[in-house]
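Have a look at the picture below, then read on.

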Amino acid sequence: MSVFFLHLMPAVLLAYLPLETPVPQDNEYAEKLQAIGTEYAQLGASPNITTLLRLDQKLRDLVPALSEIEMSRGIFFYRDEYRTMGLIPNHWSGTLEYDGTLLKIAHKLNPNSPQRNRTLFSTVARSDSPDKYNGMPNINAAYQYISEFPEGPFAADTFETLATFYDDFYKVLRRFVVEDPKDDDFFFLCFKPYLTEQSYGDQLIQVRALGLHFYECALKYAENNERTVSRVKEKRDRFRKMFDATDVYKFSWWYWCSDC
């Protein structure tokens with residue numbers, strides 16, 4: 001899902017991020033990225049699912065390493081020509097992100113292919129619909145994926161998506177418990193479709209339990225991926241710390257419901 005989290009840094013930093021700084025020609029990571037871009041460009045108007053999935057996995061394996069280099073060394077790998085295959089700079093940090101475009105293309109080519117256990121994950125991504133808020137995952141699609149492929153290749157990612165969704169939902173409900181939401185409240189509009197007739201307090205208890213449950217599921221299915229395990233543990237522990245927090249407005253870490 002890649003895929004998909006906000007680092008709350010001042011937006012003004014983007015004006016100073018050297019997104020177009022030259023990358024050393026002998027940089028092995030830049031060369032790997034260029035090779036993927038070249039192969040994708042050569043697919044033309046008739047890509048095949050197998051190649052798309054292979055390139056998609058290469059990007060998912062490569063981009064986290066590139067982002068770490070960007071954060072630590074100030075070498076930025078983004079280039080405009082990479083945008084067509086789903087590579088974009090993070091809104092806050094400027095580091096490279098992959099939005100799963102190649103997986104989406106593969107799923108559209110044949111949603112019921114033998115590789116459906118991979119391509120179906122593309123439907124969990126953020127909604128691109130202009131009449132919905134940016135940055136909200138498709139929760140129904142997430143449940144659909146784990147229903148069809150509970151041990152699929154993107155099971156951990158899907159469970160993480162659900163965990164972070166309920167993590168944000170918890171933060172929203174904490175606010176609603178102490179004050180009535182306003183009709184134009186941004187987060188209220190994002191999560192309004194998921195509210196029930198139950199009291200906010202009762203929903204808060206349920207959402208908290210769901211968030212913890214899905215964090216544990218994500219850890220279970222990511223047990224062989226150290227990077228994912230470390231990331232999910234950090235999110236889960238941050239979620240737990242909120243339970244005893246007294247100031248609901250100090251929750252500064254959001255995963256979804258972004259207007260950026």
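Predicted model: local features only at pLDDT ≥ 70, side-chain atom pairs only at ≥ 80, totals over all residues.

Residues are numbered from 1 along each chain as its sequence is written, and side-chain values use heavy atoms, with hydrogens and water left out.

Back to that pair. α6 and α8 pack at an angle of about 155°, and their axes are 8 Å apart. Axes here are lines fitted to C-alpha atoms, for helices over the stretch in contact, and angles run from 0 to 180 degrees between N-to-C directions. α6 passes α8 in a left-handed crossing (left-handed if the near helix is turned anticlockwise from the far one by less than a right angle, right-handed if clockwise). Sorted by class, the contact of α6 with α8 has 20 nonpolar, four polar and four charged residues. In this sorting Ala, Val, Leu, Ile, Met, Phe, Trp, Tyr, Cys and Pro count as nonpolar, Asp, Glu, Lys and Arg as charged, and the others, Gly among them, as polar.

Now step back to the whole chain. It has nine helices and two strands, which follow the pattern α-α-β-β-α-α-α-α-α-α-α along the sequence. Both kinds of element are DSSP runs numbered from the N terminus: helices are H or I with at least four residues, strands E with at least two. Of the 260 residues in the chain, 48% are buried. Buried means under 20% relative accessible area, exposed means over 50%, and partly exposed is in between (1.4 Å probe, protein chains only).

α8 has another partner to meet. Helix α8 (residues 200–221) packs with α9 at an angle of about 160°, with the axes 9 Å apart. The two are therefore roughly antiparallel to each other, and their crossing is left-handed. From α8 come Arg208, Gly211, Leu212, Tyr215, Glu216, Ala218 and Leu219, and these meet Val229, Val232, Lys233, Lys235, Arg236, Phe239 and Arg240 in α9; contact means heavy atoms within 4.5 Å. By class, that contact of α8 with α9 has seven nonpolar, one polar and six charged residues. Also in α9 (residues 226–242) is Asp237, which counts as partly exposed at 32% relative accessibility. Asp237 is 25 residues from Leu212 in sequence, and the two are 9.7 Å apart in space, C-alpha to C-alpha.

Earlier in the chain you'll find another packed pair. Helix α2 (residues 49–73) and helix α3 (residues 101–109) pack at about 160°, their axes 8 Å apart. That makes α2 roughly antiparallel to α3. Here too the crossing is left-handed. On the α2 side the contact is made by Ile49, Leu52, Leu53, Leu55, Asp56, Leu59 and Arg60, and on the α3 side by Leu102, Leu103, Ile105, Ala106 and Leu109. The classes come out as ten nonpolar, no polar and two charged residues.

What about the aromatic rings? A pair of them is described by the distance of the centres and the angle of the planes. A search of the whole structure finds 20 aromatic pairs. Rings of Phe, Tyr and Trp (its six-membered ring) pair if their centres lie within 6.5 Å; planes under 30 degrees apart count as stacked, over 60 as edge-to-face and the rest as tilted. Take Phe165 and Phe169: their ring centres are 5.9 Å apart and their planes are at 55°, so the pair is tilted. Being four residues apart in helix α6 (residues 155–178), they are separated by about one helical turn. Phe165 is buried at 1% relative accessible area, and Phe169 is buried at 3%.

Next come Phe176 and Phe188, with ring centres 5.8 Å apart and planes at 70°, so this pair is edge-to-face. Phe176 lies in α6 and Phe188 in helix α7 (residues 186–191), so the pair ties together parts that are twelve residues apart in sequence. Phe176 is buried at 4% relative accessibility, and Phe188 is buried at 9%. Phe186, also found in α7, counts as partly exposed at 22%.

Note on methods:
Parallel < 35°, antiparallel > 145°, perpendicular 65-115°, else oblique.
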